[in-house]
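I opened this notebook to keep a record of what I looked up in the structure, entry by entry. The sequence and the model come first.

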Amino acid sequence: MGCCKVPALIQAQVEMGLVNDVEHKSLFRRETDSPQRKAASLMEQGSLSASFRERATKTPMNSVLQSFKIVILSNKLNLLLPFGPLAILLHYLTDNKGWIFLLSLVGITPLAERLGYATEQLACYTGSTVGGLLNATFGNVTELIISIFALKNGMIRVVQLTLLGSILSNMLLVLGCAFFCGGLVFSQKEQVFDKGNAVVNSGLLLMAVMGLLFPAVLHYTHSEVHAGSSELALSRFSSCIMLVAYAAYLFFQLKSQPSSYTPLTEETNQNEEASDDDEDPEISKWEAIIWLSILTAWVSLLSGYLVDAIEGASVSWKIPISFISVILLPIVGNAAEHAGAIMFAMKDKLDLSLGVAIGSSIQISMFAVPFCVVIGWMMGAQMDLNFQLFETAALFITVIVVAFFLQEGTSNYFKGLMLILCYLIVAASFFVHEDPRQDDI
């Protein structure tokens with residue numbers, strides 16, 4: 001209708017003498033040319049999105065050998081992979097639990113890093129919002145698998161201490177190294193990140209502390225209505241509430257606030273062009289999924305031998321199980337987050353570093369911990385949220401310290417150094433700490 005009315009109006013104006021023949025031809029030419037001009041204009045305006053679509057659909061086609069070379073042979077850390085099979089071999093040849101534990105621990109380290117790599121490759125196809133959550137999720141697969149194996153063996157304290165150590169390691173060591181390395185690279189300025197998102201994350205961590213604090217207070221004040229059962233009932237109820245809160249957090253991140261993982265994507269065209277090569281995937285989507293499955297299965301296998309050797313390693317090395325669980329295991333399990341957070345910080349993408357480090361801590365405290373309580377409930381194991389007074393106090397102080405460092409929305413190498421030194425204090429404290437519930441392991 002509109003296309004017919006305009007020429008008719010022009011013809012009427014010509015007949016009325018308002019438009020001469022030359023103007024008539026130019027108007028008709030302008031009318032007929034307008035679709036092409038609009039298309040050209042849209043092409044010019046959408047050049048950035050078109051280039052993004054072209055880059056997003058640029059899927060590499062690798063053979064099995066090429067994929068193996070990219071994932072396994074391209075990283076020098078993978079030289080540690082043979083230690084895993086060696087640990088399994090020693091398990092059947094000797095009873096030296098210390099060596100089995102050490103070799104299993106070393107063998108899991110490159111697997112954790114490769115899990116992070118495969119997750120980053122998959123994130124190139126899912127987008128940065130889902131990619132950030134995938135990075136945090138698969139970064140915690142190692143700790144979650146170790147915890148499930150320990151829970152199956154009735155080692156409840158190992159589960160609690162491993163998950164607690166992963167939270168402390170992410171908040172202090174991983175984030176501290178990211179701030180420190182990023183501050184050294186950009187020493188002439190203060191790096192900035194999304195202050196509002198950091199405040200929300202700090203609130204969630206404080207909620208997790210609340211869930212762990214009340215069962216411990218209930219236990220140590222001897223104020224249970226039903227001695228021996230109220231503490232467990234409160235833990236299970238609080239775990240369900242925390243799982244609901246984490247589901248709401250995921251909905252908030254993915255639907256209501258989809259930009260929380262991508263505040264730095266709206267940069268200048270120069271920065272986008274410079275980072276194009278870094279963001280191009282090296283393997284296809286299905287390759288990434290297959291490698292994630294293979295690496296997860298291999299981590300699961302080694303975790304069984306690792307958990308089985310923890311107690312023997314503690315005796316042979318004369319090191320408290322609490323130190324092994326809180327310090328040694330999480331450092332290996334957080335290898336992927338450690339590398340990713342530092343890499344993002346050195347590229348001045350602190351929001352992504354926070355998404356990896358703090359997001360991982362939130363996922364463990366709000367999902368992994370209550371999930372293990374529910375799984376233990378199903379298994380008949382009395383897994384609760386009473387992490388004991390010493391451990392709960394360490395977590396509470398850590399969350400407060402990190403919240404103070406995040407409240408300004410800026411970062412520098414000094415803040416990173418302070419977080420690393422705080423982690424050394426925590427590590428030394430657990431080295432001299434004797435778990436009062438050794439009999440439950």
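I am working on a predicted model, in which local features need pLDDT of at least 70 and side-chain atom pairs count only at pLDDT 80 or more, while totals for chains, interfaces and linings use all residues. Residues are numbered from 1 along each chain as its sequence is written, and side-chain values use heavy atoms, with hydrogens and water left out.

**Entry 1, overview.** I noted 19 helices and two strands in the protein chain, where helices (H or I, at least four residues) and strands (E, at least two) are DSSP runs numbered from the N terminus. Of its 441 residues, 48% count as buried. Taking contact as heavy atoms within 4.5 Å, I found that residues 24 or more positions apart account for 83% of the contacts with a separation of 6 or more.

I let rings of Phe, Tyr and Trp (its six-membered ring) pair if their centres lie within 6.5 Å, calling planes under 30 degrees apart stacked, over 60 edge-to-face and the rest tilted. My search of the whole structure gave nine such pairs. One of them joins F101 and W317 edge-to-face, at 5.6 Å centre to centre and with 75° between the planes. This pair links distant parts of the chain, since F101 is in helix α6 (residues 97–126) and W317 in helix α14 (residues 310–317), 216 residues apart. F101 has a relative accessible area of 0% and is therefore buried, whereas W317 counts as partly exposed because its relative accessibility is 32%.

I then looked at F179 and F193, which are stacked at 6.1 Å centre to centre with 15° between the planes. F179 lies in helix α9 (residues 156–185) and F193 in the loop between β1 (191–192) and α10 (195–220), so the pair ties together parts that are 14 residues apart in sequence. Both F179 and F193 are buried. I also recorded a cluster in which ring pairs link Y246, Y249, F367 and F371.

Within α10 I looked up S202, which counts as buried because its relative accessibility is 11%. Leaving aside neighbours within four places in sequence, S202 is in contact with A403 and L406.

A nonpolar core here is a set of buried Ala, Val, Leu, Ile, Met, Phe, Trp, Tyr and Cys residues joined through side-chain atoms within 4.5 Å. The largest has 102 residues, and those with the most contacts inside it are F101, L175, I358, L395 and L406. Its largest share, 16 residues, comes from α9.

What is the relative accessibility of S353? It is 0%, so S353 counts as buried. S353 lies in helix α17 (residues 350–379) and touches A178, A341, F344 and A345, not counting residues up to four places away in sequence.

Technical notes
Buried means under 20% relative accessible area, exposed over 50%, partly exposed in between (1.4 Å probe, protein chains only).
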